[in-house]
2 protein chains.
Amino acid sequence: MPHRLSLNQKTTNSWPAAQAVDGCARAGIESIGLWREPVHEAGVAATARRVADAGLRVSSLCRGGFLTALPGPERDAAVDDNRRAIDEAAELSAGCLVMVVGGLPDGSRDLAGARQRVADGIAELVPYAASRGVRLALEPMHPLFCADRGVLSTLDQALEMAAPFAPETVGVVVDTFHVWWDPRVDDAIARSAGRIASFQVCDWITPFPSDALLSRGMMGDGHIDFRHLRRRVEAAGYDGDIEVEIFNAELWNTDPDEVLALMRKRYTDHVLEPRK
Amino acid sequence: MPHRLSLNQKTTNSWPAAQAVDGCARAGIESIGLWREPVHEAGVAATARRVADAGLRVSSLCRGGFLTALPGPERDAAVDDNRRAIDEAAELSAGCLVMVVGGLPDGSRDLAGARQRVADGIAELVPYAASRGVRLALEPMHPLFCADRGVLSTLDQALEMAAPFAPETVGVVVDTFHVWWDPRVDDAIARSAGRIASFQVCDWITPFPSDALLSRGMMGDGHIDFRHLRRRVEAAGYDGDIEVEIFNAELWNTDPDEVLALMRKRYTDHVLEPRK
């Protein structure tokens, strides 16, 4: 079986948490990336038990972050919510808590300020994350999402933000969709050694879909050289799970068991080394 | 009047070249960025005369490039077409020829190879451009367009590609839409001193429009801090025209004279220094 393959729950968006866990077990997939909303619906403790009973690893919990609000109640609420997310990641024994850092506040054009507030927020959360044994995983997002979702735009930038903290408490996410275009990505991955908390794969497809949030494709349907990036990530010492996270309306309308079968095949054909 | 303001013809897409020239003259705009297709329709010599008669500068000619094809007839044709574009830029006395370098060839995932072919193509074109006194302007494009339009993704990368050549023959374009998100953009602009061939402005708007190619907004409608970037560009010694280039379906359906009036107002309100 394709070991190290992990299903990020977003890829089978119609499945509640319990069904996603059962689907992985049925398909022989050993690891799952969970999302907080469906986990809340099922209950954190119940999900943790179900995952354990199925013998799955939790490669990541998505997501914390959204730390760009100006000081005030909104920011305080975001920090509190991140503490809850850390608690949940601990209870689920998640490999990391993926941090989507947030976009510009409404009406603001102060990108440098938003980025600084993210750094400040991470610093504020680190002691709590360390006390709970949870690794925060800073996710650089494609510059497409800089304004409204994630002001952390490159792996270099994520590494700079992570640098002041212990690698076991603040790591980075390498998501092929977000980083594949970056002329510096090979070097940045090399410098990520010891910091890679999550490696996620999905493809960049063209023509660019009309809904930017659902623009991700199954591996092999687009333009990304997955083998190249996987080799780089492995050369940097990463030997953890490889999570397939795809936001795509067509896939979401497909029978999730079929999606898992397709994902396994594409993982073998496009991510792993070719068979001899 | 707002001097240094230039109309890139794409902003008033429905106007043929002659009408765009006349529209600028009517609005007191001293400079225009031309596109090859409408110039071909009007005739290069006729357009050059009309521009001269109207007393306009040609801030740029769009566009050369598309140099990522594999060696063979398609690539040869692209190089030939770039030579013709250089001839046209010379005849129009254009400040530069904007180079949109091209995306990945169909079915290819070799991004590094595509980038190398761009560098090779520029090297091949430089002697001809120099002989005609034309400045090639390498345009880094938003990573959104990496797969299908421009594998040159950051200003740093454009500077590296330009470095082997004389600044008067190979410069770079700083287009706010393409570079605003880049955590390294301030430093990259500083290092662009002497290389900035064109400064283009338009805004990044959200929610992201359904047609990625028409996703640009009028200054002030989005998230970009234009003053910050203009100050950086000026600190790097650039004192040339500031071109407004906006691909936007709604603007294209607006009376072009109104678009010019709006553009002047927004240029004053969002790009220039605030009035004391």
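How many salt bridges does the structure hold over all chains? The count comes to 42, taking a salt bridge to be a side-chain nitrogen of Lys or Arg within 4 Å of a carboxyl oxygen of Asp or Glu. This is a predicted model, with local features needing pLDDT of at least 70 and side-chain atom pairs counted only at pLDDT 80 or more, while totals for chains, interfaces and linings use all residues. Residues are numbered from 1 along each chain as its sequence is written, chains are lettered from A and ligands numbered from 1 in the order in which they are written, and side-chain values use heavy atoms, leaving out hydrogens and water.

On to the two copies. Two copies of a chain are related by a rotation about an axis and a shift along it.

Helix packing in chain B comes next. Helices (H or I, at least four residues) and strands (E, at least two) are DSSP runs, numbered from the N terminus. Axes are lines fitted to C-alpha atoms, for helices over the stretch in contact, and angles run from 0 to 180 degrees between N-to-C directions. Helix α1 (residues 17-27) of chain B packs against helix α3 (residues 44-54) of chain B at about 5 degrees, the axes being 10 Å apart. That makes α1(B) and α3(B) roughly parallel, since angles under 35 degrees count as roughly parallel, over 145 as roughly antiparallel, 65 to 115 as roughly perpendicular and the rest as oblique. From α1(B), the contact takes in B:A17, B:A18, B:V21, B:D22 and B:A25, and from α3(B) it takes in B:T47, B:R50, B:V51 and B:A54. Sorted by class, these are six nonpolar, one polar and two charged residues, where Ala, Val, Leu, Ile, Met, Phe, Trp, Tyr, Cys and Pro count as nonpolar, Asp, Glu, Lys and Arg as charged, and the others, Gly among them, as polar.

With B:D22 in helix α1 and B:R50 in helix α3 of chain B, the bridge ties together parts 28 residues apart in sequence. B:D22 is partly exposed at 28% relative accessibility, and B:R50 is partly exposed at 38%; buried means under 20% relative accessible area, exposed over 50%, partly exposed in between (1.4 Å probe, protein chains only).

Elsewhere in chain B, helix α9 (residues 226-235) and helix α11 (residues 256-271) cross at roughly 80 degrees, their axes coming within 8 Å. These two helices are therefore roughly perpendicular. B:F226, B:R227 and B:R230 of α9(B) meet B:T268, B:D269, B:H270 and B:V271 of α11(B), giving two nonpolar, two polar and three charged residues.

Back to the salt bridges. B:D175 pairs with B:R216 at 3.6 Å between the closest N and O atoms, linking strand β6 (residues 170-175) of chain B to strand β9 (residues 216-217) of chain B across 41 residues. B:D175 is buried at 1% relative accessibility, and B:R216 is buried at 5%. In chain A, A:D87 and A:R132 meet at 2.7 Å, N to O; A:D87 sits in helix α4 and A:R132 in helix α5 (residues 111-132), 45 residues apart.

Most residues other than glycine have a negative phi, and most peptide bonds are trans. The bond joining A:T206 and A:P207 is cis, with omega about -5 degrees, and the bond from B:T206 to B:P207 is cis too, with omega near -5 degrees. A:F66 has a positive phi, near 50 degrees, and lies in the loop between β3 (57-65) and α4 of chain A. B:S93 also has a phi near 50 degrees, and is exposed at 59% relative accessible area.

Terms used:
Contact = heavy atoms within 4.5 Å.
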